[in-house]
Amino acid sequence: MSNEVVQIEYEESDEPILPPPPSLHNSINYAKENVPLLNNQNEEAKGSVGMVILTVFLQSMGFTIVIPSLSYFVLSLGGSQTYYGWIVASYSLGQFIGSPLFASYSNYRPSREVLVISLIFSAIANFLYAVVPITPHGLWMMLVSRFLVGFGAGNVSVCRAYASEATPLAQKGATMAKMSGSQGVGFVLGPGIGYLLALMDFNIAGIVPINKYTGPGYFLGITAIINAVVVAIKFKEIHKPGEIPTGKTPKKEMIPILVSIFLFFVIISVFAVFETCVTLLTRTSFNWGVEQNAILLFCVGIIGIVVFVLMSRPFIRKYDDRKCLFVGFLLQLFALIALVEWTSPRLQKNYTYEQLFIGAVFEGIGYPMASTFMYTVFSKVLNPKFQGTKMGWLTAGGSLARMLGPIWATKSFDFGGSELLFLTTAALVFIALLVNVIFYKQLTPHPDYGKATIQPPVIKPGLSARNYKALQ
């Protein structure tokens with residue numbers, strides 16, 4: 001790595017004074033850290049980062065808001081428990097396909113255009129889900145509509161890429177914590193909002209039912225339209241017109257990318273297994289219904305919110321992202337072991353509330369912690385510019401986990417109960433822990449983040465931003 005020293009000339013000016021540079025005891029140079037402060041385009045993009053964070057929250061909520069009522073909705077239409085698993089997986093299949101398509105599209109077209117198109121698509125798909133009870137072949141319509149909702153949610157990869165590219169290295173941890181936090185909070189608060197919507201039960205014009213089954217579709221459709229309007233009006237681009245990515249990713253850089261995608265796949269798989277089968281487990285063990293399961297998942301969501309807030313605080317920068325990721329995996333492993341319904345004569349024979357509580361708490365802490373630091377690590381191992389395609393790969397990996405997880409969860413739960421399901425999933429987490437250790441040194445920031453070392457100037461009164469042009 002070369003050490004390029006940039007000399008700064010001073011001049012007196014009435015222009016706004018820039019803040020003094022921070023101490024440079026990190027891997028990134030002063031210029032890279034302060035580009036957003038010196039570039040009006042990136043300064044304006046701060047508000048757009050907030051928009052994409054909100055978009056991720058709403059799209060993620062679209063996955064879980066139906067969870068408390070979905071299995072009962074399927075049964076009310078004559079479907080089976082296995083078909084319920086396919087319905088849950090169809091959303092993730094749609095996102096698996098949509099994520100790389102939208103992400104690659106955003107590398108060549110304005111991100112605003114991609115987001116607005118995908119949000120309109122999401123709105124239409126959610127309205128289709130809402131009218132399932134009044135359409136012929138309701139089960140097929142439900143399957144198609146959830147697939148299309150997931151396809152529209154592929155724009156999450158565009159949101160991640162935008163947030164990462166608009167944020168300097170030292171602030172990526174906080175930004176990606178907010179990004180992953182918005183997704184995690186959307187996942188875990190969705191069931192709580194679904195519970196509130198379950199309280200509605202009325203008809204419009206006597207033919208359009210608004211109830212615990214259809215309410216989520218109407219709610220998500222309306223919020224998607226509002227989201228699209230806000231993005232169309234307020235969103236700011238960060239790429240120059242006509243600027244497109246060039247070159248291929250070297251094989252050496254592909255290793256940490258692929259490792260990160262695998263680790264992310266495991267994180268989402270655990271959460272998908274937990275969220276899919278916890279309702280089956282409580283229904284068979286405690287005879288719980290929609291309301292009780294929604295309250296349980298809502299409480300897990302509150303735990304997740306607290307963890308995500310802590311992950312976005314400045315003090316978290318003191319800790320290595322990779323070590324914190326390892327701790328998150330450990331917590332998920334403990335959660336899975338706690339949730340096992342042991343049937344050995346030497347152990348307990350009946351599932352207990354204590355097991356459910358311990359498993360839910362560990363997963364409520366482990367999932368947001370692992371996902372937050374996985375996003376942070378991944379955003380740093382990528383090239384600083386044009387991260388759309390690779391972010392699409394990451395999102396597709398998570399979608400694949402959410403697609404296979406529910407199918408595996410329902411099938412293995414039917415075949416071998418919680419022992420087979422949670423112990424095999426725990427084995428997958430153990431493999432992820434080993435992979436984390438083996439590739440630990442390769443999960444470091446991309447070399448382009450530290451190509452130059454800038455010797456910071458001494459700030460004088462009246463120093464203009466024009467003096468810093470060499471830093472750009």
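**Salt bridges, a buried serine and model confidence**

Both Asp321 and Lys380 are buried, a term for under 20% relative accessible area, with exposed meaning over 50% and partly exposed what lies in between (1.4 Å probe, protein chains only). This is a predicted model, in which local features need pLDDT of at least 70 and side-chain atom pairs count only at pLDDT 80 or more, while totals for chains, interfaces and linings use all residues. Residues are numbered from 1 along each chain as its sequence is written, and side-chain values use heavy atoms, with hydrogens and water left out.

Me: Which residue forms a salt bridge with Asp321?
Reply: A salt bridge is taken here as a side-chain nitrogen of Lys or Arg within 4 Å of a carboxyl oxygen of Asp or Glu. The pair in question links distant parts of the chain, 59 residues apart, from Asp321 in helix α12 (residues 321-339) to helix α13 (residues 353-381), where helices are DSSP runs of H or I with at least four residues, numbered from the N terminus. With its closest N and O atoms 2.9 Å apart, the partner of Asp321 is Lys380.

Me: Is Arg322 buried or exposed?
Reply: Arg322 forms a salt bridge with Asp320, and the closest N and O atoms are 2.8 Å apart. Asp320 is partly exposed, with a relative accessible area of 24%. Arg322, by contrast, has a relative accessible area of 14%, and therefore counts as buried.

Me: What is the N to O distance in the salt bridge of Arg109 and Glu113?
Reply: Arg109 counts as partly exposed at 42% relative accessibility, and Glu113 also counts as partly exposed, at 23%. Their side chains meet in a salt bridge, with an N to O distance of 2.7 Å.

Me: Which residue has its backbone nitrogen 2.8 Å from a polar atom of the side chain of Ser48?
Reply: Ser48 has its place in helix α2 (residues 40-64) and is buried, with a relative accessible area of 1%. Leaving aside neighbours within four places in sequence, Ser48 is in contact (heavy atoms within 4.5 Å) with residues including Tyr162 and Phe235. The backbone nitrogen at 2.8 Å from the Ser48 side chain belongs to Lys236.

Me: Which element of the chain has the highest mean pLDDT?
Reply: The pLDDT, the predictor's confidence in each residue from 0 to 100, has a mean of 77 over the chain, and 80% of the residues reach 70 or more. Over residues 1-41 the pLDDT is below 50. Among the elements, helix α1 (residues 30-38) has the lowest mean, 38, and the highest, 92, belongs to helix α5 (residues 111-130).

Note on methods:
Helices (H or I, at least four residues) and strands (E, at least two) are DSSP runs, numbered from the N terminus. A polar contact is a pair of N or O atoms within 3.5 Å; within protein, one must be able to donate a hydrogen and the other to accept it, and residues adjacent in sequence count only if both atoms are side-chain atoms.
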